[in-house]
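Here are my notes on the model you sent. They are set out as numbered points, beginning with a single residue and its surroundings.

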Amino acid sequence: MSGRVLDASGQPVSNATVVIVHEPSGTTKTVTTDASGRYNAQGLRTGGPFDVTVKKDGTPSTRQDNVFLAVGNDTAVNLTVGAGAASSADATALSAVTVSAVSGQFSSENKGLSTSISQEQLKNTPAPSRNIADIARLDPRVTVDHGTGAISANGQNTRMNSIKVDGLGVGDPFGLNSTGMPTVGSPVSMDTIDSFNISTANYDVSSDTIGAEINAVTKSGTNDYHGSVYYGFKNASSMVGDAGWLKQNRDYTEFDRNWTAGATVGGPIIKDKLFFFAGYEKEEVTGLSSGAVNGLDPSLVNSTSNKISQGDLNSAIRNASNIGLNPGSLGANAGTLTDKRYIGKIDWNITDGHRMNFAYSRTKETKPNPQGNSVNSIGLSSYWYTVNSDIKNYTLQSFDDWNDIFSSETKVGYSDYNLNRSVSTQQPMVTVRVNGGSNVGTSPTINLGEDQFSHYNVASVKTLNAMWAGTLYLGDHTIKGGVEWERNRVYNLFGRTEFGAYTFDGVNRLGNADYTQYVLYQPAKGYSLSDIAAKLELRRQTWFLQDTWQASDNLSVQFGVRVNKYLTDDQPLYNPTFQQKFGFSNANTINGSKLIEPRLSFNYTFDSEYKTQLRGGVGLFQSDPPTVWLANPYQNNGINIATYTYNRQQDGSCRLGNSGPNFACPQFSPNPFKQPTTGDGTIPQMAVDTVDKNFKLPSVWKSSIAFDRELPWDGIIASLEWQHLEVNNGIFYQNLNIGNPTGKLPDGRFTYYGCIGGATSLGGPTGANNCATLPNGQASVQVGTNTNNNNR
């Protein structure tokens with residue numbers, strides 16, 4: 001909250017005492033006006049109502065009540081003191097603060113682009129998904145994918161948003177999910193949120209993100225006990241389409257029921273001093289579908305080139321069981337998606353001008369992931385997996401006014417993010433090409449056993465964050481400076497195909513355990529399972545400083561700078577073969593990466609009957625990278641994984657890969673922890689991920705200008721806004737070892753993996769002679785580099 005105190009003649013009143021009281025909790029803050037009659041109050045609770053009283057010795061006091069504050073916005077409360085001024089001043093002030101859109105929009109602090117959503121607006125906003133995305137779409141610069149709920153601001157990558165609750169990030173810290181959210185459901189119960197602010201251009205130096213900055217504040221306890229109990233229900237029994245194979249005469253609906261139930265409670269522990277708030281919510285989506293179609297045709301006697309008969313499916317299930325596997329079954333119900341959300345919060349009014357709060361939240365999600373079904377394939381239930389997420393957040397914040405001219409905010413946060421896959425039975429993966437492999441690429445297949453990408457799949461990110469910001473009020477200048485430190489400890493074990501992956505050409509060969517191909521990934525000689533996991537610590541150090549200069553009664557200018565520096569002491573395992581071939585090390589990291597971000601913004605208020613302002617700014621912004629992008633080089637180094645690929649020959653013997661001597665094929669084993677091998681294995685194709693030695697983290701220049709005018713009718717505001725983004729450093733992915741083109745598509749594009757998509761062979765050793773497969777021995781090398789100024 002900020003404002004100006006004038007006397008009856010319009011002259012500034014200095015050294016006036018402004019007392020701001022949050023009525024529901026009794027939280028009090030006292031500030032003093034400067035020589036220009038201006039005052040600023042930071043660290044206040046969101047919402048309201050607030051009472052604002054101005055006192056000056058020798059003059060009548062002026063009181064303004066019913067003031068409401070929005071998160072991320074400065075609310076202007078201008079008052080007049082002096083003889084005979086009280087009633088007219090009250091009326092003038094009342095119109096300035098009770099119409100929240102007007103008071104929040106027309107403020108010298110409003111320089112960027114943002115949308116604030118109050119508690120009252122949240123109650124009146126339809127939120128069918130009960131997710132943050134339902135609220136984010138209220139900002140016209142934000143688009144939300146209706147299918148996935150992914151949030152994109154101005155077309156930027158959905159992983160480049162900053163989503164915070166009580167100052168701590170709740171987005172996906174690992175970056176696996178394309179939506180940018182850590183869970184399918186909401187990471188926090190929407191019924192525990194007090195208000196939101198969504199910004200695509202916040203020029204304050206404490207803000208930094210390429211996409212949208214979404215800040216939410218949870219509810220708090222007050223002097224009155226309050227709470228809620230709620231239940232929501234959606235029945236999808238007749239939402240879409242018909243797919244009779246799921247259940248006889250039943251419509252296909254993706255899910256059966258979706259219900260949410262929860263409760264909140266808050267109140268005083270010590271009146272006017274100590275308060276609590278707590279909430280619990282559970283959500284279930286039952287009867288998840290395993291897919292709209294599959295490759296089964298019960299009317300067939302024999303399988304065709306793209307459909308599987310009931311007899312062959314039954315034989316495959318029986319034969320898999322006979323060789324020691326647990327194949328599962330074909331079913332429509334993939335299980336239940338379950339979310340549990342907890343929150344607890346303590347608010348403490350230490351003394352007038354000093355306030356602290358502590359918040360704890362936890363979200364646990366169990367998400368079934370059915371897979372393997374398509375128009376020409378079947379995925380049995382053993383092939384499915386479950387994604388388990390567990391996220392715990394802790395936040396401690398302190399807001400302090402040390403004297404009339406200096407205040408500070410301190411925040412310490414810790415987040416513990418854990419993700420893993422689980423299955424019903426640990427076992428090898430099996431693919432059955434029903435027609436004996438006679439229709440390679442189109443032959444109908446049956447998928448069973450544990451998906452090879454789920455054998456070991458664990459990720460965790462433990463984040464510790466600390467921030468301190470101080471604000472110094474020096475007349476027309478408000479100086480803000482601070483530091484922020486963040487540490488991410490990342491662990492990712494992606495042990496693909498550690499339990500083996502077998503391909504059988506024909507149902508009968510499955511019954512005889514006579515595989516066509518057997519693939520196994522294992523730690524190379526001298527390495528353990530722990531050695532192949534990515535383990536790194538990434539630190540960010542940030543310094544920021546800015547000056548907000550009230551150049552005149554009409555013009556406010558803000559200019560500052562922010563510096564980010566990223567550090568890590570961990571390096572990927574060095575691969576000398578890679579350096580010999582490409583001339584640089586695969587062990588490059590972003591250690592020492594630094595970016596200086598200048599910011600400049602302004603707000604100009606016109607002298608007119610109806611409130612009118614011009615605002616705008618320009619600045620450089622950066623986002624913390626999804627850690628999965630930085631963790632890949634630590635796993636994919638081409639050294640510590642040995643691969644065994646056994647291809648059965650026509651005489652019944654096997655070869656490792658496509659060349660070498662023939663030998664007796666290892667026996668099939670259903671035991672995932674005792675897969676047979678011959679020799680030390682091979683590393684024929686080094687899969688290496690790395691970053692360019694000059695790699696810079698993504699950043700963009702943002703600029704905007706906007707014009708606002710209050711219209712004569714019911715506080716309606718007309719706004720015209722323009723925003724431009726120009727990429728400073730973007731991420732460019734390049735396959736350094738892609739080789740020569742193998743085919744050419746009808747539209748002129750080249751293919752590099754066989755002749756997919758109807759491509760015409762280009763001839764030569766990687767074309768006509770081997771058009772259907774990747775040339776033997778060709779390695780995969782992915783490198784991340786930068787592009788500059790190529791996106792608008």
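1. Which residues does D204 touch, not counting residues up to four places away in sequence? The contacts of D204 are K480, Q546, Q558 and R599. Keep in mind that this is a predicted model. D204 belongs to the loop that runs between strand 13 (193-201) and strand 14 (213-218). Its relative accessible area is 15%, and buried here means under 20%, so D204 counts as buried.

2. Strand 13 and strand 14 run antiparallel and are joined by six bridges. In this pairing, I193 has T218 of strand 14 as its bridge partner. Strand 13 also pairs with strand 8 (residues 113-117), again antiparallel, through five bridges. There, N197 in strand 13 stands opposite S116.

3. How many of the nine residues of strand 13 are buried? The count is nine of the nine, so strand 13 is largely enclosed by the rest of the structure.

4. D134 is another buried aspartate, with a relative accessible area of 3%. D134 sits in helix 4 (residues 132-136). A polar atom of the D134 side chain lies 2.9 Å from the backbone nitrogen of S129. Leaving out residues up to four places away in sequence, D134 touches P126, A127, P128 and S129.

5. Helix 5 (residues 310-322) has 13 residues. From first C-alpha to last, helix 5 reaches 18 Å, close to the 18 Å expected at 1.5 Å a residue. Just after helix 5, G324 takes a positive phi of about 100 degrees.

6. Which residues of helix 5 are buried? They are L313, S315, A316, N319 and A320. These residues cover an arc of only 165 degrees around the axis, which puts them on the same side of helix 5. As background, an α-helix has 3.6 residues a turn, so residues three or four places apart point the same way.

7. Strand 38 (residues 743-744) pairs with strand 39 over two bridges, in the antiparallel sense. Within that pairing, F750 in strand 39 stands opposite K744.

8. Some totals for the protein chain follow. The secondary structure comes to eight helices and 41 strands. Of the 792 residues, 50% are buried. Among contacts between residues at least 6 apart in sequence, 69% join residues at least 24 apart. The chain exposes about 34,300 Å², and carbon and sulfur atoms supply 52% of that area.

Definitions and conventions: Residues numbered from 1 in each chain as written. Predicted model: local features only at pLDDT ≥ 70, side-chain atom pairs only at ≥ 80, totals over all residues. Heavy atoms only, no water. Helix = DSSP H or I, 4+ residues; strand = E, 2+ residues; numbered from the N terminus. Expected span 1.5 Å × (residues − 1). Buried < 20%, exposed > 50% of the residue type's maximum accessible area, 1.4 Å probe, protein only. Arc of directions from axis to C-beta. Contact = heavy atoms within 4.5 Å. Areas by Shrake-Rupley, 256 points an atom, 1.4 Å probe, with all protein chains shown as cover. Pairing = 2+ DSSP bridges. Polar contact = N/O pair within 3.5 Å; in protein donor to acceptor, adjacent residues only side chain to side chain.
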